[in-house]
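Please look at the sequence and the model first, and then follow the points below, which are grouped by topic.

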Amino acid sequence: MAEVNEVGSPPSPRKIEGIVVVPKPTVERLTERQLVDYHNHRTKLMRWILNLGKNPQKGEGYAYQTAKIRCARIDQFYRFVWNTEDRYTTTVTHDHADAYMKQLAYGDTSQENKASHQKTTKMLFRWRAWEFSDEEWEPEITFSGDNSTTNPRDYLTIEERQMVREAALEYGSIPSYRGLSPQERDQWKAHLAQRFGKPKNEITRDDFNRANSWKIPSLVWVCLDTGLRPIEVERATIHWVDLDNRVLRIPKEESSKNSDNWIVSLTDRTVSALSRWVAERDQYEKYDSEDALWLTREATTYQSYSLNHILDRLCDIAGISTNGRKVTWYSIRHSVGTYMSREEGLAAAQAQLRHKSEQTTMRYDQTPVEDRRDALNKMG
C-alpha cells in the first residue's frame, strides 16, 4: 500500500514512463489524504493504459504520446466530476460522463477535440469494466472527428440481425465426426487439439461434439431477443432461465441500472437453442460449482472485449460490412430497441430493454433506414 512521506507529499513514483501521475492543478486542489488516494487510483489506471488499454486480449497498450494525452484528459474529466458533485470521488458514473459530453457539446472547441475527449472517457470506462466489473459506457450523444454534427448510434438492421443469428450457427462449427474420412478426421483432430489445448491422440468423438456447441448460438440469440448489456451477459446465471414460460427472469440485484425484477421474452427459436445449451452445459466440469450461464474457454465470464470479438467474427462470417460504422455488442441492443419501438411501441421496448425511464427508451424511437427507404420509393 502506498504511503505518505514525512512532508506529506504523494507516494512515488511521481511519473510513470515519463507521464506525470497527478497534474499540478489537481495537486493544488486535493488534500493530502485525497492526493494519496487519487495517486494510487491513477497509477493503476495509467499502467493499464500503457500495457493493456488498446487491446487487453493481446496485452497491447497505447503508445506513449497517446497515453500521455489521454491521461491528461481523464484528469480533466475527474475535476469536472468534483465540480459537479462538490466533493472528491474516484467513483465516476455514466451520468457523469453524459453530463460531461453535454458540456463539451455546448463548448466552442472543434468536433475533433470533442470526439477525442469522448474516446478517452469511453476508454476510462473500459478500464473500470476491467478493474471493477463496472459496465462500459455508451454515450447518449456522439461526436465525429470530421467537424460534422453528432452521429446516430449504429445498430444492426433487420436483415443483419437475421444474418448474425444464422452466422452464430456457423461460429466455430466443424464437420460431423461420422461424415469424415480417416484422413480428414486426423486433420480435424489436429485442429481441435490446438483449439482445446490437449494432445491430438486424446481428441475423441466427444470433442467433435463439443466443437459444435450450442453455447455461442444460445448467447447470441438470447441477446438478439433481450438486448442484454455486456455486464448482464457477465452476470447471467442458470437461474435466470425459465424455459417453460419462454422468458429470462432477471433479479433486481443482478440487473444493470435497475431496482426491479425483470421478465423478458424469448422467441421459440431462442428457447430451442437455449434448452440445448442448458442440457449441454451440465456435461462440462467447469460448470459444476458455477452458476454463470456462459463461460469462456478459460472458464471466465464474458466481458465487453470478448463479446465484441464474437460479434466481429459473426459479421465476418455473415459478410456484413462494418466500414464507416462502429459495430459493438451494444449494436445488438440498439437494434432491439429500434425495432421493438417500431413494432410494439415505446412501452414494449422499455420493458424488453429494462429501462427505468421512458426517456431513455425514447432514444430508440427513430425511423429505421428500411422505412425511410420505403418512404423515398413512394415519394418517387
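In this predicted model, helix H3 (64–85) and helix H5 (111–132) each supply at least two residues to the lining of the second largest cavity. That cavity is one of two of 30 Å³ or more that a search of the whole structure finds.

- The volume of the second largest cavity is about 30 Å³, and its lining is made up of Arg 73, Ile 74, Phe 77, Tyr 100, His 117, Thr 120, Thr 121 and Leu 124.
- Helix H5 provides the largest share of this lining, with four residues.
- Sorted by class, the lining of the second largest cavity holds four nonpolar, three polar and one charged residues.

**The largest cavity**

- Helix H10 (residues 230–235) gives the most to the lining of the largest cavity, contributing three residues.
- Four nonpolar, two polar and four charged residues make up the lining of the largest cavity.

- By class, the contact of H4 with H5 comprises six nonpolar, four polar and one charged residues.
- Helix H2 (residues 32–51) also packs with H5, here at an angle of about 105° and with the axes 11 Å apart; angles from 65 to 115 degrees count as roughly perpendicular, and H2 and H5 are therefore roughly perpendicular to each other.
- The residues that make this contact are His 41, Lys 44, Leu 45, Trp 48 and Ile 49 of H2, together with Met 123, Leu 124, Arg 126, Trp 127, Arg 128, Trp 130, Glu 131 and Phe 132 of H5.
- The contact of H2 with H5 has eight nonpolar, one polar and four charged residues.

**Helices H6 and H9**

- The axes of helix H6 (residues 158–170) and helix H9 (residues 215–226) come within 8 Å and cross at roughly 160°, and H6 and H9 are therefore roughly antiparallel to each other.
- The crossing of H6 and H9 is left-handed, and the contact is formed by Arg 161, Val 164, Arg 165, Ala 168 and Leu 169 of H6 with Pro 217, Val 220, Trp 221, Leu 224 and Asp 225 of H9.
- Seven nonpolar, no polar and three charged residues take part in the contact of H6 with H9.

Conventions: Residues are numbered from 1 along each chain as its sequence is written. This is a predicted model: local features need pLDDT of at least 70, side-chain atom pairs count only at pLDDT 80 or more; totals for chains, interfaces and linings use all residues. Side-chain values use heavy atoms; hydrogens and water are left out. On a 1 Å grid over the protein atoms alone, a cavity is a set of points where a 1.4 Å probe fits but cannot get out, and a pocket is an open set with protein on both sides within 12 Å along at least five of seven lines; lining residues have an atom within 4 Å of a point. Grid points are joined across faces, edges and corners, and a volume is the space filled by probe spheres set on the points. Ala, Val, Leu, Ile, Met, Phe, Trp, Tyr, Cys and Pro count as nonpolar, Asp, Glu, Lys and Arg as charged, and the others, Gly among them, as polar. Axes are lines fitted to C-alpha atoms, for helices over the stretch in contact, and angles run from 0 to 180 degrees between N-to-C directions. Angles under 35 degrees count as roughly parallel, over 145 as roughly antiparallel, 65 to 115 as roughly perpendicular and the rest as oblique. A crossing is left-handed if the near helix is turned anticlockwise from the far one by less than a right angle, and right-handed if clockwise. Contact means heavy atoms within 4.5 Å.
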